[in-house]
Amino acid sequence: MRVLAIGTTGVNMRLLSAALEKYHKEVGRGRLGIYFVEDELKKEVDWVTFLDSDDYYWQERAWREAVARSIARAEDEGPENAILFMNLPYFRKSRFFPAVDISVIRAFKPDVLITLIEEAHVIWRRIQLREEREKTGAFLRLKDVFAWRTASILLGDTIAKALGVQNYVIAVKHPARTIYKLAVEGARPRFYLSFPITHVRNNAEARREIDMYRATMHQRHIAFDPLTMDERVLILAKRRGNTAVIEAGDRWLLPPEVKPAVEDEPELYPMEIPVDQVEEVLVDIDNIIRFKDFRYILQSDAVAVYRPFMNKIFHRGVFSEIIYASNTAHKRLFIYLPPEDKGSGMESPFGPWTGTVEEDFEKFLQAIEKFASRFSAG
C-alpha cells in the first residue's frame, strides 16, 4: 500500500509516524517505509531562505526535486507499505505555495491520500513555541491557521481527484490503530460516532457514560470521532484581561482507555491566546466544527448515534448530524434511544426509514456488529 499523507506545518507528523511504525511492528507483515519530503528539502536548501525567497520558480523546483528524491528512496528500498509525508501547502506572509506538480506525485503511485489535521490553537501555539527557539521569522494569527487547514484539505481533494484515489481527512489524535487501518489496510466499515457534547460537557456522569460508548466503538471498529479535535474550548476559554487562557483540563478528547496516536506536549498549556485573535474566529467556529464533522460522515459507511435525547434534552448537534447523514450523505444510521430519554407520552421521532433504532444498548451494538460483518464477509 502506498499512502500520501499531507498536512500543514505544525501538525505533529513525526509523533504520528512513530505511532504508526509501532503499530505496524505489532500487527504488520513486511516493512513499513516512512519518508518525509521536508527532510530531503532541508538537505539542499536553507529552510528560512527557502521560505522567504521571492523566487517562486526556485521554490517550486526545490520542492519538486525533494519529492522526486523521496520517491526514489522509496523505490530503492522497496518496502511492502510506504507512507510519504509532506507539508502542503506552505504558508508564509499571507502566501500559499508551491503549485503542486501532480506528475511527480503520480510517480509515487499512491493508493490513498490522507489529509492530517489538528486543533488550530494547538498548531498556533506549537509554531509560536518553535519560533521562540529557532527564530525562523514565522508569524501567524489564529485565523491564519484555520484558513491554512482549509487550504490543505482543498489541496488534498484536488490531488486525490487528479490521481483517482480517495482523500480521507483525519485528526492525528485518533488512535494509531484507526489511522493505520484506514490508510494502510483500507479497512471497512468506517463509522462516525454521533453523541451529545455541548449540553453534557460539565456533567461528569454523562461524560463517563459517553466515553464508555466511545471506547467500546474504538476498540471494536474503525471510527471517526468528533472529539479527536476539541476546538470548542476556544469558546469556553477563560478571559484574563486581553488574553484567553486554555488549560489542559478544559479539553474533552479521547476516553482514558483509548490512546491517541498524537498527544499534546505538556509545554503547550496553559495556552494563552490574545483575545482579539480568538474573537476573530469565534464567528465561524460552529461552521468550522460542523464542516469537519460532516466530512467525517461523508467518509463513513454508517453513523452510530448515542442517545440523541440524553437527559431529555434536544441535542441540536446530534440531530443536525442525523439529518445530514440521512438526507445528504445517504448513510446507514444506528440510533440508541433508551426509554428513559423519552418524555411522558413521547413517541420516537424516528420512523423505519431513518435506520435501526434500538432501546437496548447491547442490541444497538449487535446491530452494528451485524452490519460490520457484511464487510468482513466481502
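Keep in mind that the model is predicted.

Let's start with the sheet. Strands of a sheet pair through backbone hydrogen bonds, either parallel or antiparallel. Which pairing do we have here? The pairing is antiparallel. Three strands form this open sheet, and their order is β10-β11-β12. At the edges sit β10, residues 238-240, and β12, residues 271-274. Each of these edge strands pairs on one side only. On average, neighbouring strands of the sheet are turned by 35 degrees against each other, direction ignored.

Now look at β10 and β11. Strand β11 covers residues 243-246, and three bridges join β10 to β11. Which residue of β11 is the bridge partner of lysine 238? That partner is valine 245.

Next, what lies across the sheet strands? Helix α11, residues 275-282, lies across β10, β11 and β12. Helix α11 runs at about 75 degrees to β12.

On to the helix pair. Two packed helices are described by the angle between their axes and the distance between the axes. Our pair is α7, residues 142-163, and α12, residues 285-298. They pack at an angle of about 25 degrees, with axes 12 Å apart. Angles under 35 degrees count as roughly parallel, so α7 is roughly parallel to α12. The crossing of α7 past α12 is left-handed.

Who makes the contact? From α7 come Phe146, Arg149, Ile153 and Asp157. From α12 come Ile285, Ile288, Phe291 and Arg295. By class, this contact of α7 with α12 has five nonpolar residues, three charged and no polar.

Note on methods: Residues numbered from 1 in each chain as written. Predicted model: local features only at pLDDT ≥ 70, side-chain atom pairs only at ≥ 80, totals over all residues. Heavy atoms only, no water. Pairing = 2+ DSSP bridges. Helix = DSSP H or I, 4+ residues; strand = E, 2+ residues; numbered from the N terminus. Axes fitted to C-alpha atoms, helices over the stretch in contact; angles between N-to-C directions. Contact = heavy atoms within 4.5 Å. Parallel < 35°, antiparallel > 145°, perpendicular 65-115°, else oblique. Left-handed = near helix turned anticlockwise from the far one by under 90°. Nonpolar A, V, L, I, M, F, W, Y, C, P; charged D, E, K, R; others polar.
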